[in-house]
Amino acid sequence: MSTDSTRPALQLSFSDKLRLWWDALARPTQWAVGVPFIILIALLPIIKPPLLTTVGTDFGSVLAQFGMFALLAIGLNVVVGQAGLLDLGYVGFYAIGAYTVALVTSPVSPWNLTDDWLAQDWAWLFAVPVAIAFTAVSGLILGTPTLRLRGDYLAIVTLGFGEIVRLLADNLTNITRGGQGLTQVAYPVVGVSEERPNGIFSAGNTIAPLNSGTWWFWLSIVLIIVVLLIVGNLERSRVGRAWVAIREDEDAAEIMGVPTFKFKLWAFIIGASIGGLSGALYAGQVQFVVPGSFNVINSMLFLCAVVLGGQGNKLGVILGAFIIVYLPNFFLGRTELLGIPINGDDIADYKYLFFGIALVVLMIFRPQGLIPARQKLLAYGRPIYVATRKAALALSRKPAVETKGGAR
Amino acid sequence: MSNPGGIGAGSEHDEEFRSTEEMVGGSIAEEYLPDGGVEEGVEIDLAAVDPGLADASHVAEVVASDRTIHASVGEPLLQMQGVTVKFGGLTALDDVTFDIRRGEILGLIGPNGAGKTTCFNTMSGIYRPTSGNVLFDGRPIGAVKRNQITRLGIARTFQNIRLFSDMTALENVVVGTDARHRTSVPGAIFRSSRHRHEEHDALDRAMALLEFVGIGSRATEKSRNLSYGDQRRLEIARALATQPKLLCLDEPAAGFNPAEKQALMDLIRKIRDDGFTVLLIEHDMRLVMGVTDRVVVLEFGRKIADGLPSEVASDPAVIAAYLGVPDDATA
């Protein structure tokens, strides 16, 4: 290559062009584009686009499930994508969040306190911060001894953690009622009307299109936006930079003065809290919590969403979560697709097989995921990013450019 | 490990240089083009970012905003006191004693396997001395955590470049400023005023540092896409970002051609003139003799000489260590 003095003009892929276009927009314009887009997504369960909508299950419920998975994916992405800590037991935090809400609010729980001092109508809302705090503490408890481990060893220990949580839920029968589960978990009782005697969030609200699934989807959109803002602020600060530095070269980060253990622990705590929040949503929506819902295979699904979408990219992992939740539900109950008769239920049953194949194929052709990470780690780097963009655009418009000399 | 051919640019290094040059200058850059590095090959217009960056004295001022050494040039900054490091039965450092004085450039030389890097790792807290003391600023650092040692004021670069390859050059340097940040997770989530202040400060300092080492216009390039020489410069900028009192450079000229070595010598002098104390490990005798104020020579973990470069170069023990002694002379 040393004889080559020119190279083709910078080739911008579609995603790069999209990114450049988006970055070039002024802040108000970004809002003007972004907000209608989010509203459009929020209205999906009402619009029910013909090919997109699901047949076997209610579209709103599917999207509500997607919202929870998206939260989980964002939380897991903090741990796996940003800090590079492979956590295979993430479902444990999801379970702890769900069980905390259930234990605090379910009338069959041994701590049936709600009737005494906590109004049933608001019980769920009060239980959510408790669940978040509890999972944060459990993240701290798991992280403190294990985060001295690295790579595969950490993965094995976290895998064990996920199993331990499920086994405890299964076997501590006098607390969790084991396989019988905790029933009648609280949910936010709002919007009570004659048609909807238990409020809009009750599982009993099945009046389409504004059924409970749709409402839970909307609630999760709000929570996703809040969580994205928090995680985004962290990413563009010393915390996010420390995470990426730890992911890239932990020893070098430590020697550059980054307290790596502290920030790894923070990644675990923040990831766990987001997982707990999602678990609290789940418990409220389903109103019934059993250990079987928290199998370790779910951890793999969450991880699959993160890897599929693009580790380290927040929008990417949301897309990953959508694929993981939506595709099996898309096929469920479908008997024909574009005129071809299919057995959709069978296809949905084999989802683990298909996701496994999809992951292998992805690792061969696009190991960075569907939307690769382009993290911006500087909160106030806008002038520099603007200057870079100008230079990049100028470069891409030139027919050919001189190669920059090796050393300067 | 017992290759004595360390004087001058050894053939071993030339080979390393060629292979690294091919790797960095060639295939990597092309390999990463398809996956769409927008910043690839982009030189940004610094004047548009911060007009102050065009002024070298302003840059130097920002780089070393808190010079404290002028008052006490010549006082010992780091003292190795009878330091011994053993790995099992192997004694890597044997009762090594020397000082690094404020405001000087100290060269640490010796044949391969002499214990230079071990010495270095002991100072930066990677190894703990088996016996003896390392005092920094009069304070023992034997039991201080690695990231705390950086906060005390010792920064280093690596013999094999260890940048955060997926980050831009600018972000790499900003990670170096982490040692001086005090806000943590809550400050970042709520964007507290101190957090904002620190972030702005870090950004300005990082840009100035990149300009100081001469790669300011490449600030938003992924560090893995930088040329080999620029990566070495970036490592120095990242180490300086921790606001060290002592900057340790581990073979910064490995794989450099003569022109690059000259530029590096100028940079090291510039760093010293800006108020930093520099410890330099280097194989290349010409570079060491050209830039250092004092030289310490190690061989087989022992200090065999300590003095001005010219004295050390004519020391028979040093010559013997580097060139070997004829068989009949030892017999």
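User: How do S1(B) and S4(B) pair, and over how many bridges?
Analyst: Strand S1(B) and strand S4 (residues 131–136) of chain B pair in the antiparallel sense, over 5 bridges. One spot to look at is B:Leu78, which stands opposite B:Phe136 in S4(B). Bear in mind that this is a predicted model.

User: OK, and which residue is the bridge partner of B:Leu78 in S2(B)?
Analyst: In S2(B) that's B:Ile100. Strands S1 (residues 76–87) and S2 (residues 90–101) of chain B are also antiparallel, with 8 bridges between them.

User: What do S1(B) and S2(B) form?
Analyst: A hairpin, with 2 residues between the strands. In the turn, B:Gly88 has a positive phi of about 60 degrees.

User: What's the strand order in the open sheet of 4 strands in chain B?
Analyst: The order is S2-S1-S4-S5, with antiparallel pairing. S2 and strand S5 (139–140) of chain B are the edge strands, each pairing on one side only. Helix H4 (residues 116–123) of chain B packs on that sheet and touches S1, S2 and S4 of chain B. The direction of H4(B) makes about 65 degrees with that of S2(B).

User: And the sheet of 6 strands, what's the order there?
Analyst: That open sheet in chain B goes S6-S7-S8-S3-S9-S10, and the pairing is mixed. Its edge strands are S6 (154–156) and S10 (302–307) of chain B. From one strand to the next, the twist averages 20 degrees.

User: Which way do S3(B) and S8(B) run, parallel or antiparallel?
Analyst: Strands S3 (residues 105–109) and S8 (residues 277–281) of chain B run parallel, joined by 4 bridges. There, B:Gly107 stands opposite B:Leu280 in S8(B).

User: Switching to chain A: how close do the axes of H5(A) and H8(A) come?
Analyst: The axes of helix H5 (residues 91–105) and helix H8 (residues 151–171) of chain A come within 7 Å and cross at roughly 30 degrees. Angles under 35 degrees count as roughly parallel, so H5(A) is roughly parallel to H8(A). Residues making the contact include A:Ala95 and A:Tyr99 of H5(A), and A:Phe161 and A:Val165 of H8(A). The contact residues divide into 7 nonpolar, 2 polar and 1 charged.

User: Last one: how many residues are in the largest nonpolar core?
Analyst: It has 190 residues, and those with the most contacts inside it include A:Ala73 and B:Leu209. Helix H4 (residues 59–82) of chain A gives the largest share, 16 residues. As for B:Leu209, its contacts beyond four places in sequence include B:Val63 and B:Leu240.

Key. Residues are numbered from 1 along each chain as its sequence is written. Chains are lettered from A and ligands numbered from 1 in the order in which they are written. This is a predicted model: local features need pLDDT of at least 70, side-chain atom pairs count only at pLDDT 80 or more; totals for chains, interfaces and linings use all residues. Two strands pair if DSSP finds at least two bridges between them. A nonpolar core is a set of buried Ala, Val, Leu, Ile, Met, Phe, Trp, Tyr and Cys residues joined through C-beta atoms within 7 Å. A residue is buried if 20 or more other C-beta atoms lie within 10 Å of its own, exposed if 12 or fewer, and partly exposed in between; C-beta atoms are placed from the backbone. Two residues are in contact if their C-beta atoms, placed from the backbone, lie within 7 Å. Axes are lines fitted to C-alpha atoms, for helices over the stretch in contact, and angles run from 0 to 180 degrees between N-to-C directions. Angles under 35 degrees count as roughly parallel, over 145 as roughly antiparallel, 65 to 115 as roughly perpendicular and the rest as oblique. Ala, Val, Leu, Ile, Met, Phe, Trp, Tyr, Cys and Pro count as nonpolar, Asp, Glu, Lys and Arg as charged, and the others, Gly among them, as polar.
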